[in-house]
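Come along and check each entry as we go.

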Amino acid sequence: MANLTASVRNIGRNPIIWPLLALALLMIFNLIAIPGFFSIEFHDGRLFGSVVDILKNASPLAIIALGMTLVIALEGIDISVGSVLAIAGAMGIFMLDGYPTWIAILAALGIGVLCGLWNGMLISILGIQPMVATLILLTIGRGIAQLITGGRIIDTTSASYTFLGKGYFLGLPIQAFLILIVFALLYVLKTRTAFGLFVESVGGSKTASRYAGIRPRSIMMISYAIVGACASVAGIIVSANLGSADANNAGLWIELDAILAVVIGGTSMRGGRFYLGGTVIGALFIQSLTTTIYSLGVPAESILLVKAIVVILVCLIQSEAFRKLFVPVGKKAIIE
Amino acid sequence: METGYILKARGITKSFPGVKALADVDFSLRKGEIHALMGENGAGKSTLIKALTGVFPKDAGQIWLNGAEISPRTPLEAQQIGISTVYQEVNLCDNLTVAENIFSGRYPRKFGLIDWDKVYRRSEEMLAALELRIDVRQPLSHYSVAVQQMVAIARAVDISNGILILDEPTSSLDANEVKQLFNVMRKLKDKGMGIVFVTHFLDQVYEVTDRITVLRNGSLIGEYATKDLPKTELVSRMIGREWTESQESKTAADTVDDVFLQASGLGKKGSVERIDLTVNKGEVLGLAGLLGSGRTETAKLLFGIDKADSGVLTIGGEEFALMNPKKAITKGIGFTPEDRKVAGIVGELTIRENIALALQAQRGLFSFISVRKQKEIAQKYIEMLQIKTPGTEQKVENLSGGNQQKVILARWLATRPKLLILDEPTRGIDVGSKSEIRRLIRELAADGMSIVFISAELEEMVQCCDRIIVLRDRMKIGEVRGADMEENNIMRLIAEGANGYGESNGLGA
């Protein structure tokens with residue numbers, strides 16, 4: 001019994017448990033309230049259903065949020081991701097006109113990394129506050145995207161490019177695999193190199209990290225470049241799915257959902273510890289919530305309100321101070 | 001309840017995950033007395049004070065203030081009933097002015113607006129009572145740590161209602177400032193105020209206190225009148241064993257001078273004037289001087305945390321005009337900074353991660369030390385340095401100051417440095433740990449490691465060092481070794497010349 005309570009308490013300390021709990025509750029609600037939510041059909045070698053749609057539609061958000069996790073862990077933020085998404089999408093579609101697909105993809109990724117390095121330079125070398133520094137690219141980013149598209153919505157018919165937004169692999173939408181790939185890459189970077197330790201150390205104390213021989217500037221540059229790369233992957237997915245690039249509307253407001261996904265996932269805005277798995281769960285939760293609200297047939301004018309209320313609830317679950325009001329957490333762990 | 005007591009606490013108990021920090025401790029403070037709270041690191045001094053001042057709730061026990069039972073739940077509540085504390089590290093806002101710091105949260109009002117004239121006038125008066133005359137309209141960051149400490153004390157005295165708690169107030173003050181502080185403390189005592197004084201300096205306890213309460217491992221050992229408790233008795237009660245003033249044996253200073261590092265003309269404007277020094281293999285080199293004399297600044301130039309604007313460093317025959325920490329670490333230099341809380345530990349991370357940090361930085365991003373290996377390394381140093389912790393996965397911020405210092409030492413020892421720069425490694429830690437660290441310094445040097453040692457306590461420098469460079473006003477003014485290495489000689493070097501002892505802070509040369 002004592003062991004059981006101890007292990008329950010340990011689970012309670014693992015921050016990923018709370019977003020998981022929120023997602024589980026939402027799914028149980030869907031199971032009861034929305035008939036057929038979990039039904040999955042299989043035809044033409046593909047799976048169809050709400051759950052599959054969630055995986056597919058959550059991918060730009062999840063991938064951007066994964067990158068965002070790193071910069072939030074560094075006590076930073078990147079609010080330019082929506083604009084970078086638009087730039088990368090525009091670049092990809094633009095380059096398809098005359099170049100092979102792989103060059104278009106490399107160009108889209110390249111310009112995203114460049115945007116990230118620009119942000120990183122403003123923040124780590126010039127010392128501009130992250131919110132302000134990335135506000136610059138948020139504002140001019142869509143202008144740059146418009147310059148690339150020439151002010152029009154440009155489109156493509158390249159099948160190999162649109163595969164990245166419409167394609168299926170092993171019966172599942174390609175997006176699900178893209179989330180997995182980005183997650184796996186970052187997870188390896190976190191647990192098989194010193195990058196995770198350095199990010200958490202710089203996020204915890206920049207001064208102490210510098211005294212220990214870490215270069216906070218390099219860590220920040222790399223992290224902002226990674227967010228830029230993540231935003232371009234999302235940009236490629238969005239433009240491939242539509243077969244076109246819309247400089248004005250692609251990825252609009254996605255930065256806010258991405259920040260929310262990171263916070264729901266258990267990473268603190270104060271920097272330090274970060275949780276990649278939590279972030280993915282957070283992004284899936286946000287997308288599921290949107291799907292649920294649409295499936296319930298909530299009137300259009302109330303959708304944002306309902307979403308806000310649920311998000312408040314999730315944030316309350318996340319808050320240790322709020323939880324302590326109900327359950328005394330870890331008060332009696334004494335080793336005599 | 002008897003009269004004459006300002007504060008009485010009975011049966012105070014407090015536990016943290018994994019540690020019982022206070023067990024059934026009693027404490028009482030009389031009117032008009034200065035009461036020392038003594039104990040080693042982790043004895044529970046800070047915990048007791050934090051429980052008294054509402055920083056965290058006590059698990060059990062009762063507290064009475066002026067006869068009425070109190071139970072402050074936040075530091076603000078404690079302040080409102082008149083218990084104010086000056087902590088070890090200055091807890092004020094750097095970017096606000098001195099006067100704003102003194103009055104923040106309780107500005108005097110006139111017609112609903114802040115009465116700034118009064119704020120400035122009263123701030124000046126209060127500081128004048130501490131014999132400190134400074135421009136109260138300047139931001140606090142403009143002044144030295146010592147002055148900031150005085151400002152914190154001024155604020156606390158003004159808020160307090162008969163009780164003042166000073167947690168290690170003297171660790172960053174020089175001798176003159178300590179004297180000033182003691183004068184102020186005696187004045188306040190004569191006015192009937194009760195003062196709780198936490199310190200590690202034994203001499204200061206005997207100079208200024210009336211009674212002593214000793215804690216050890218979270219338990220009350222006893223309460224004594226200062227005049228009835230000889231110093232050796234006090235020490236043995238604190239560390240729980242018979243203790244003889246350790247005289248670490250020094251290796252004969254006749255080793256052949258085998259230079260590890262040489263600095264010529266190393267300097268930085270506003271920080272240190274061009275300085276020449278050499279560090280030999282296996283020697284302990286001291287940098288002595290007052291606060292602000294350039295001792296810390298020199299160390300920072302050697303490690304490359306601050307960039308020198310003149311001079312050359314030669315390490316193992318290789319010349320460097322610009323140093324940086326990464327390069328320094330690669331060349332086998334380690335550095336424990338004086339400000340342990342800000343520049344030393346990463347509080348949120350575990351002991352394991354804190355210890356692995358410098359070694360990992362030395363090896364670079366991709367040559368990752370596996371978590372299992374990190375645990376082995378951490379465990380090795382926990383045992384070697386006797387760090388008090390239930391395991392390697394504890395957050396460093398939950399450790400006591402002395403144990404945090406040991407974690408930072410472990411971080412550098414793990415890199416197997418050729419030169420270790422220790423800036424005030426013994427500041428704010430107990431006598432037991434102090435002598436452990438001193439012994440360690442001698443052992444490391446005997447094994448061939450070079451050490452640059454900085455301390456405010458000359459006695460300890462004379463004990464540990466083979467050679468001492470003396471600094472004043474950001475300049476090297478002399479060097480002593482062998483038989484000349486005596487406290488009096490060094491003091492004379494520091495004191496002689498135009499500037500008197502204790503007046504050289506912040507004056508540019």
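**Ground rules.** I am working with a predicted model, where local features need pLDDT of at least 70, side-chain atom pairs count only at pLDDT 80 or more, and totals for chains, interfaces and linings use all residues. Residues are numbered from 1 along each chain as its sequence is written, chains are lettered from A and ligands numbered from 1 in the order in which they are written, and side-chain values use heavy atoms, without hydrogens and water.

**Chain B, overall.** I looked up the secondary structure and found 17 helices and 22 strands (DSSP runs numbered from the N terminus: H or I of at least four residues for helices, E of at least two for strands). Chain B is as compact as a globular protein of its length, because its radius of gyration of 24 Å is close to the 23 Å that the globule rule gives for 509 residues (taken over C-alpha atoms; the rule is 2.2 Å times the number of residues to the power 0.38). Its C-alpha atoms fill a box of roughly 70 × 50 × 50 Å along the principal axes.

**Chain B, inside.** I noted that 56% of the 509 residues count as buried (under 20% relative accessible area, with a 1.4 Å probe and protein chains only).

**A:Ser244.** I found this residue in strand β6 of chain A, residues 244–245. A:Ser244 is buried, at a relative accessible area of 16%. Leaving out residues up to four places away in sequence, A:Ser244 touches A:Ile93, A:Ile153, A:Ile154, A:Asp155 and A:Ser239 (contact means heavy atoms within 4.5 Å).

Key
Buried means under 20% relative accessible area, exposed over 50%, partly exposed in between (1.4 Å probe, protein chains only).
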